[in-house]
Amino acid sequence: MIETWYAILTFMLVMFLVLEGFDIGAGMLQHIVGKTEAERRLVIAAIGPLWSWHEVWLVGFGGTLMVAFPNILASSFAGFYLAFFLLLWSLILRGISIEVGGHIGEPMWRTAWNFIFVVANLLLAILIGAALGNIVRGVPLNADGKFALAFFTNFSPYGNVGILDWFTVSVAVFMLVTFAAHGATALVLKTEGPVHDRSLRLARRLWKIVLLLLALVTFETWRVRPELFSGMTPKPIAWLGLVGVIIGAVMIFTGLRGKGELRAVLGSSLFIAGLMIAGAASVFPIMLHSTLAPENSLSAYKNAAAGHGLVIALIWWPIAFILSIGYALFIYHYYLGKVKASEDTQNPY
Amino acid sequence: MEDTLFWSRLQFGFTITYHYLFPQLTMGLAWIIVFFKWKHLRTGDERFGNAARFWARIFGINFAVGVVTGIPMEFQFGTNWAAFSKFSGNIIGQTLAMEGMFAFFLESAMIGAMVWGEKRLGPRNHFLATLGVALGSWLSGYFILATNAFMQHPVGYSTAVDGSLRLASFSGFLLNPWAMIMFLHNQCAALVTGSFVVTAVGALYALRGKHAEQASLFLKTGTLVGLISCVLVAFPTGDQQAKMVAQHQPVSLAAMEGHFHGGTNVELNFIGQPNVSEERIDNRIYMPYALSFLAFGHLHAKVQGLDDFPKDEWPTNIALLYYAFHIMAGLGTIFILLMALANFQRWRGRLEKSRGLLWALMLAFPFPYIATTAGWMTAELGRQPWIIFHILRTGQGVSDVVSGGNVLFTLIGFTGLYFVLGVLFLFLVAREIAHGPQSISADGKMEVSHD
């Protein structure tokens with residue numbers, strides 16, 4: 001039961017990072033791949049009508065975490081207090097810039113909202129990356145299973161850590177570039193013309209940087225948490241994740257070289273999913289690692305909600321999941337193929 | 001700690017009050033748009049198509065602000081109320097997660113297509129997308145009210161070995177009688193907000209002599225839905241809600257009514273100022289026997305007063321609670337009178353010529369927002385000092401690792417950001433209203449105006 005809920009949560013996080021990762025990545029590249037206002041609107045049109053459906057995976061993740069592991073939710077949300085609010089404010093600004101940016105054709109209105117859109121997406125990528133880095137590195141949990149993180153302490157990933165140190169900053173940079181590469185790859189699939197060509201050139205370059213950074217971050221992780229690698233050896237799911245990363249990378253590079261645009265996007269999604277699955281499997285069963293003392297760490301087994309509630313949720317969750325995918329497919333099939341600038345204007349007069 | 005509790009309560013109160021300004025219009029307006037879409041689908045009459053498109057554009061702006069201000073709400077359970085989440089997460093997490101999984105996925109998938117995709121989806125599927133948004137918004141309402149109902153009237157739980165709450169009966173929790181009544185009461189109130197807004201825009205156009213056809217459609221639909229929902233919000237739903245409070249939270253009822261000393265044959269206070277230190281109502285106007293009758297169904301029923309309860313179980317802000325309840329009930333009564341008059345004039349065919357009444361209808365639209373806010377203040381202040389009634393005190397639910405200064409910082413951040421959102425919202429909606437419901441065809445091209 002506990003493993004099942006851990007897997008469901010990992011799955012929801014993967015859905016969020018793959019779907020929202022496209023919005024974030026494409027969003028932060030808006031000014032690089034789009035030089036004219038029409039080209040920049042094309043990027044927003046490519047993100048499409050389902051951006052808030054993508055975001056709901058995060059909300060669903062939060063609710064599900066509360067059902068299954070209320071202690072973990074309580075400890076981590078309060079511990080990351082200020083970082084969480086930065087994330088929420090970035091989500092607010094990003095959502096609003098998508099929704100209202102197109103309402104008025106006035107160039108300065110457009111420019112202002114485009115700017116907010118790009119900055120909010122950059123912040124989101126950095127915050128999500130730093131959060132993942134914090135989970136891998138651990139947080140200063142005390143004997144009560146609580147912590148409160150400062151933004152930074154002495155930038156060392158050991159002992160009394162802050163949110164940012166050299167390790168979590170590297171993970172944040174890695175995720176930033178990964179989101180950018182993922183977004184560029186998806187833009188190759190969804191657009192044509194100059195935006196398509198620029199995205200293609202960018203994607204080819206960015207994925208090479210991603211691989212370099214992945215090697216660096218892997219090495220750093222081995223320095224900070226060596227036990228994760230020895231702990232990974234007997235876990236087949238972690239190996240499966242790594243196989244996903246390798247297949248994903250191959251699909252990306254062959255797809256981007258030839259005409260396999262869809263293959264590249266699937267590969268890019270598989271790459272992110274594989275990384276998350278490998279990571280989630282190797283830290284399991286510790287959900288929050290303590291940098292102060294290993295016995296303070298919060299384990300999934302000791303912190304799962306007991307009994308009836310989890311069984312009930314296991315009945316309704318799959319129903320809700322199937323319905324949700326059904327709604328999205330119903331809408332997606334109207335928005336297949338390349339987007340065109342003239343469609344779906346938000347500014348009818 | 002005390003600081004953290006104070007600022008966390010203020011932050012949650014502020015962000016939820018602000019957030020709820022938007023979903024109440026979403027939930028009320030959604031069914032009015034569904035109605036216009038349905039008429040358009042059935043009759044092909046472009047009047048209804050234009051009305052649906054006009055309101056869908058306003059709906060889209062309103063929905064966007066509702067979505068972005070809603071995300072912080074769910075996360076604040078963890079950030080600011082960690083002890084509460086840890087204590088009851090296994091139960092309230094069910095409905096919070098179901099809200100995301102059943103309702104938000106539906107709404108978020110359909111909203112983009114509803115606002116911008118009429119041409120792509122075609123008339124029938126666009127109607128379905130609109131219906132999906134309306135259903136999703138009401139589902140979301142139910143799940144969040146079931147969460148609140150558990151805090152007001154906890155049922156379906158058991159206590160685990162570590163002292164936290166565990167789900168014992170899913171159906172008992174999900175079908176909490178408090179949740180059902182609160183849902184009906186709250187949704188009727190959302191329809192009041194929606195219908196007052198539609199009526200106000202109709203009155204504005206009628207007064208300015210513009211868009212005559214649409215003005216008359218908005219007035220007709222708005223006042224009819226308005227009258228029905230205004231009556232339903234008071235009776236039976238409001239009445240049943242009050243009886244529920246009388247039965248399960250008698251101390252809250254006593255404070256709402258400023259009923260300090262228990263007894264039989266209890267009167268209902270219409271007007272008066274609660275004097276908490278002297279434990280009486282000053283300068284009051286009241287109706288004898290009415291509270292006994294309304295709460296328990298007969299004139300001589302005993303109604304417990306505040307002095308029947310220990311002082312540490314009294315709601316923490318009795319005066320504010322009393323005023324909030326009386327403002328809600330008073331406004332609700334005025335709404336019924338106003339909408340009854342409007343319908344009477346419409347029935348005589350005089351509504352569009354009654355300039356005084358049109359002015360009143362136009363200026364009335366903020367008051368449902370005030371009434372719903374006051375209603376929620378009644379519910380939430382009435383529950384104090386408990387975060388889960390008679391189980392967990394509010395002070396025990398707050399995150400103890402978060403400092404008061406941090407919460408104050410984020411509260412200031414929200415204040416600034418929400419101010420900007422408010423200005424933006426009013427600007428964009430005013431722009432839509434100024435432009436008006438002129439024929440915009442399904443493909444977004446404006447047709448030549450005949451006004």
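**Entry 1: a loop in chain B**

I looked up B:E279 and found it in the loop between strand 3 (268-275) and strand 4 (280-287) of chain B. Helices and strands here are DSSP runs numbered from the N terminus, a helix being H or I with at least four residues and a strand E with at least two. The model is predicted, and I noted that local features need pLDDT of at least 70, that side-chain atom pairs count only at pLDDT 80 or more, and that totals for chains, interfaces and linings use all residues. Residues are numbered from 1 along each chain as its sequence is written, while chains are lettered from A and ligands numbered from 1 in the order in which they are written.

B:E279 is not a glycine, yet I read a positive phi of about 55 degrees for it. Most residues other than glycine have a negative phi, and most peptide bonds are trans. I then asked: is B:E279 buried, exposed or partly exposed? B:E279 is partly exposed, because 14 other C-beta atoms lie within 10 Å. The cut-offs are 20 or more other C-beta atoms within 10 Å for buried, 12 or fewer for exposed, and anything in between for partly exposed, with C-beta atoms placed from the backbone.

**Entry 2: a positive phi in chain A**

I also checked A:F155, a residue other than glycine with a positive phi near 60 degrees. A:F155 sits in the loop between helix 7 (107-137) and helix 8 (166-190) of chain A. With 13 other C-beta atoms within 10 Å, A:F155 is partly exposed.

**Entry 3: cis peptide bonds**

I found a cis peptide bond from B:F235 to B:P236, with omega near 5 degrees. B:P236 belongs to helix 7 (residues 212-248) of chain B. Another cis bond joins B:Q384 and B:P385, where omega is about 5 degrees. B:P385 is in the loop between helix 12 (366-383) and strand 5 (386-388) of chain B.

**Entry 4: helix pairs in chain B**

I took helix 4 (residues 118-152) and helix 6 (residues 177-208) of chain B; their axes come within 8 Å and cross at roughly 130 degrees. Axes are lines fitted to C-alpha atoms, for helices over the stretch in contact, and angles run from 0 to 180 degrees between N-to-C directions. Helix 4 of chain B and helix 6 of chain B are therefore oblique to each other. Angles under 35 degrees count as roughly parallel, over 145 as roughly antiparallel, 65 to 115 as roughly perpendicular, and the rest as oblique. The crossing of helix 4 of chain B with helix 6 of chain B is right-handed. A crossing is right-handed if the near helix is turned clockwise from the far one by less than a right angle, and left-handed if anticlockwise.

Which residues of helix 4 of chain B meet helix 6 of chain B? Among them are B:W138, B:G141 and B:Y142, and the residues they meet in helix 6 of chain B include B:W178 and B:M182. By class, this contact of helix 4 of chain B with helix 6 of chain B has nine nonpolar, four polar and no charged residues. Ala, Val, Leu, Ile, Met, Phe, Trp, Tyr, Cys and Pro count as nonpolar, Asp, Glu, Lys and Arg as charged, and the others, Gly among them, as polar.

I then took helix 10 (residues 318-347) and helix 11 (residues 355-363) of chain B, whose axes come within 11 Å and cross at roughly 140 degrees. That makes helix 10 of chain B oblique to helix 11 of chain B. Helix 10 of chain B passes helix 11 of chain B in a left-handed crossing.

**Entry 5: where the chains touch**

I found 55 residues of chain A in contact with 58 residues of chain B. Contact requires the C-beta atoms of two residues, placed from the backbone, to lie within 7 Å. On the side of chain A that touches chain B, helix 6 of chain A gives the largest share, twelve residues. The residues of that side of chain A divide into 37 nonpolar, 15 polar and three charged.

I looked at A:L87, which is in helix 6 of chain A. A:L87 is buried, with 21 other C-beta atoms within 10 Å.

In helix 4 of chain B I picked out B:L121. B:L121 counts as buried because it has 20 C-beta neighbours inside 10 Å. Leaving aside neighbours within four places in sequence, B:L121 is in contact with A:Y334, B:A113, B:H126 and B:A129.
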